[in-house]
Structure formats: C-alpha cells, structure tokens
Amino acid sequence: MKSIWKTNYENNEIKIVNTWFNGEFLYVNDILQDKTFGAFSTKLTGHLINQNNERENIKVNLGGFFKVNCQLFINDKKVEAKKVK
C-alpha cells in the first residue's frame, strides 16, 4: 500500500510518500531530502528555500497502525498537506 501527501509552500512543492515495504520519503521540488524505514511511526526532516531566499526547516511525522496519518511542520508551524493517494 502507498500513501502520498502534497502541498505547495512559497513556490515549493512538498511531497511525502509512505509505502509498506520501501519506506517513507520526503521530496522538495522532486528532490529526495530524507528516506526512512519505520514500522509504526517515522520522522522525516528536510529544508526549503522560501521567497526571501531564506532556509526553512521541514519536519514530517508519520504514524498509525491501520491508517497512516501525516503531520507536516515548517519552522515548527503546522502546515496542511493533502492526501492525494
């Protein structure tokens, strides 16, 4: 099973992918920034460059047993990511 969440933040596309057998992935503008293998909960980290040419940190929490939930934070502020698959 595969789940994908996406959002756009200051002209950056953020994509989070969770798979049962291949792990979890964080992409920013189609560039892989982090990959992990977690059973019940996972943390992914990365960064992006905002419109002011400043670096902002990304943190993703994935977790759940029957249903995987995704929480995205940019500079410690929650950002909504929509599940697309």
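Two strands pair if DSSP finds at least two bridges between them. Strands are DSSP runs of E with at least two residues, numbered from the N terminus. This is a predicted model: local features need pLDDT of at least 70, side-chain atom pairs count only at pLDDT 80 or more, and totals for chains, interfaces and linings use all residues. Residues are numbered from 1 along each chain as its sequence is written, and side-chain values use heavy atoms, without hydrogens and water.

**Sheet**
- Strand S7 (residues 69-74) runs antiparallel to S8, and three bridges join them.
- Phe73 stands opposite Lys78 in S8.
- The open sheet has four strands in the order S5-S6-S7-S8, with antiparallel pairing.
- Strand S5 (41-49) and strand S8 (77-79) are the edge strands, each pairing on one side only.

**Gly46**
- Gly46 sits in strand S5.
- Its relative accessible area is 15%, so Gly46 is buried (under 20%; exposed is over 50%, partly exposed in between; 1.4 Å probe, protein chains only).
- Beyond neighbours within four places in sequence, Gly46 is in contact (heavy atoms within 4.5 Å) with Leu26, Gln33, Glu56, Asn57 and Ile58.
- Gly46 and Tyr9 are 37 residues apart along the chain, and their C-alpha atoms are separated by 14 Å.

**Trp20**
- Trp20 lies in the loop between strand S2 (12-19) and strand S3 (23-28).
- Trp20 counts as exposed because its relative accessibility is 58%.
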